[in-house]
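Dear colleague,

Please find the structure below, together with its sequence. A summary of the findings follows.

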Amino acid sequence: QLRRNNEQLRREISKLQQQMASSSRREGGGDGALALESKVRGLESTIGQLNEELGTVDRRIADVERQHQEEKQKIVAAFDAERRQYQLEREECDALVLKMTSELEFLVRENASLRNNTSGASTQHTPQSYR
């Protein structure tokens, strides 16, 4: 918006300068030329103020963009750290499940072996009612 206003004012100044130049040639100076010159100075002053405002806005935008990038980097770094922590915990859980599975399989085999051993011995030495 400021840039458009600035350009519009520049066009208006240019037009007024042309009018002032043509007016001063026709009239040899005078009050009309002075009024135009005063208006041109006022518009140039307005353009200067708009340029200052535009510079301020540009700096603010640059600051906001810099802050946005810094915040984005912090968020991404935090996300990556969380993801690494999750991965480590998952690997730890997977290792624990694998170990427990192996132990359970061993216990199942041992239980089956003990049952085979005891069932063979118990059929020889115990009555039928205990089976």
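The side chains of Arg66 and Glu70 form a salt bridge, with an N to O distance of 3.3 Å. Please note that the model is a predicted one. Glu70 and Arg66 lie 4 residues apart in helix 2, so about one helical turn separates them. Glu70 is partly exposed, at a relative accessible area of 36%, and Arg66 is likewise partly exposed, at 41%.

Arg66 also pairs with Asp63 in a salt bridge, where the closest N and O atoms are 3.9 Å apart. Here the spacing in helix 2 is 3 residues, again about one helical turn. Asp63 has a relative accessible area of 37%, which makes it partly exposed.

The structure holds 4 salt bridges. One of them links Asp94 and Arg90, at 3.9 Å from N to O. Both residues belong to helix 2 and are 4 residues apart, about one turn of the helix. Asp94 is partly exposed, with a relative accessible area of 44%, and Arg90 is partly exposed, with 43%. Through shared partners, salt bridges join Asp63, Arg66 and Glu70 into one network.

Turning to the nonpolar residues, the largest nonpolar core consists of 8 residues: Leu9, Ile13, Leu16, Leu36, Val40, Leu43, Ile47 and Leu50. Helix 1 (2-27) and helix 2 (31-125) each contribute at least two residues to this core, and helix 2 provides the largest share, 5 residues. Apart from neighbours within four places in sequence, Leu9 is in contact with Leu43, Thr46, Ile47 and Leu50.

Yours sincerely

Notes
Residues numbered from 1 in each chain as written. Predicted model: local features only at pLDDT ≥ 70, side-chain atom pairs only at ≥ 80, totals over all residues. Heavy atoms only, no water. Core = buried A, V, L, I, M, F, W, Y, C linked by side-chain atoms within 4.5 Å. Buried < 20%, exposed > 50% of the residue type's maximum accessible area, 1.4 Å probe, protein only. Contact = heavy atoms within 4.5 Å.
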